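Please look over the sequence and the model shown here.

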Amino acid sequence: MSRHDGLAQALRRALLFVVALGLAVAAWEFYKWIGPAQGGDVFGWRIIPKTNDRVMPHTWEMVSELFDPAIGSRDQKVWQVLLGYAWYTFQMSIAGLAVGAAIGIGLAVLMARFRVVERGLLPYVVISQTIPLIALAPQVTAIRGSLDWPQWTSAVALAAFLSFFPVTVATLRGLQAAPAASLELMDSYAAGWWTTLRKLRFPVAVPYMVPGMKLAATAAVIGVIVTEITLGGLRGVGFATIDYSQKVTAQPASVYAAVFAAAALGLVMFGLVVASESLVMRKRPKEAI
């Protein structure tokens, strides 16, 4: 892919993002305009959302909230306070993603090397994702407390717990996707399994790993924010969500400011993976992408 093609693709992605954002705003405002202020029932079920200003403030009110003075913070706007919270959450998300990716890749290599390990371990890897994060958080905190580790390690551990699964599955699929003819060629050169892994299997697995890393990046953010909300004591985006939700009666748009921060953080994490993908895939032959 040439530099011009890469720039054109990036511009198309940016334009599609702007269009999607505009459509979401238009849909929000349209429903607020036509929807019932107090919601509604369908066959006795309360499923039609309310559209009053307390529940669904206008989008411009949400945006303007970001530029209002932050309560309890001197000479700072809401967006500046949220930026500090987001930076704290971002650091734990990066650490959780790194740990989760390392565990996921390690498990994938182990399962690709030994089929009996794959048959025995993969079902438990899948089952692990059915455990509610809120139920797991106190257990992780208890273990962390017994080891006398810092409180932020709980958030990193739970972020790694959510992010290792997509990396494991995607990497395993990629390691098993090496062409049979190429594997036979490596065997003819008397290449060992680890040499084949480094020279053939991992390069083939990269296009499979990237989507898994994208999912893992956003999952890491979710893990950290849920931990902040569940355990408390960590002053990140999760803390801001709880803090601003307490002001929802007087300032309905304030809670959405924290939602914007969480969404922006997820996009940043996703964007970092996309940027890494561009660097890794830049020199790959077109037919290999």
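The chain exposes about 17,000 Å², and carbon and sulfur atoms supply 69% of that area; accessible areas come from the Shrake-Rupley method with a 1.4 Å probe, and for residues only the protein chains shown count as cover. The model is predicted, so to speak of local features requires pLDDT of at least 70, side-chain atom pairs count only at pLDDT 80 or more, and totals for chains, interfaces and linings use all residues. Residues are numbered from 1 along each chain as its sequence is written, and side-chain values use heavy atoms, with hydrogens and water left out.

Along its principal axes, the C-alpha trace spans about 75 × 55 × 50 Å. The secondary structure consists of 10 helices and 2 strands, where helices (H or I, at least four residues) and strands (E, at least two) are DSSP runs numbered from the N terminus. Their order along the sequence is α-β-β-α-α-α-α-α-α-α-α-α.

Of the 289 residues in the chain, 36% are buried. Buried here means under 20% relative accessible area, exposed means over 50%, and partly exposed lies in between (1.4 Å probe, protein chains only). Among the contacts with a separation of 6 or more, 69% are between residues 24 or more positions apart, a contact being heavy atoms within 4.5 Å.

How is the chain divided into domains? The assignment gives domain 1 (1-56) and domain 2 (58-282), with bounds that come from an automatic or database domain assignment. The contact between them takes 10 residues from domain 1 and 10 residues from domain 2. Taken over C-alpha atoms, the centres of domain 1 and domain 2 are 25 Å apart. About 850 Å² is buried between the two domains, and carbon and sulfur atoms give 54% of it; buried area is the accessible area (1.4 Å probe) that two parts lose on being put together, summed over both. On the domain 1 side, Trp28, Glu29 and Arg54 lose the most area to domain 2, together 49% of what that side buries.

Phenylalanine 17 belongs to helix H1 (residues 3-34). Because its relative accessibility is 44%, phenylalanine 17 counts as partly exposed. Its C-alpha atom is separated by 17 Å from that of threonine 59, 42 residues apart along the chain.

Leucine 200 lies in helix H8. Is leucine 200 buried or exposed? Leucine 200 is buried, because its relative accessible area is 12%. Neighbours within four places in sequence aside, leucine 200 is in contact with Ala178, Ser182, Leu183, Met186 and Thr195. Leucine 200 and aspartate 243 are 43 residues apart in sequence, and their C-alpha atoms are 51 Å apart in space.

Two loop residues remain. Aspartate 148 sits in the loop between helix H5 (133-147) and helix H6 (152-175), and its phi is near 60°, a positive value in a residue other than glycine. Aspartate 148 counts as exposed because its relative accessibility is 69%. Alanine 190 is in the loop between helix H7 (180-188) and helix H8 (193-231). Alanine 190 also has a positive phi, of about 60°, although it is not a glycine, and at 68% relative accessibility alanine 190 counts as exposed.
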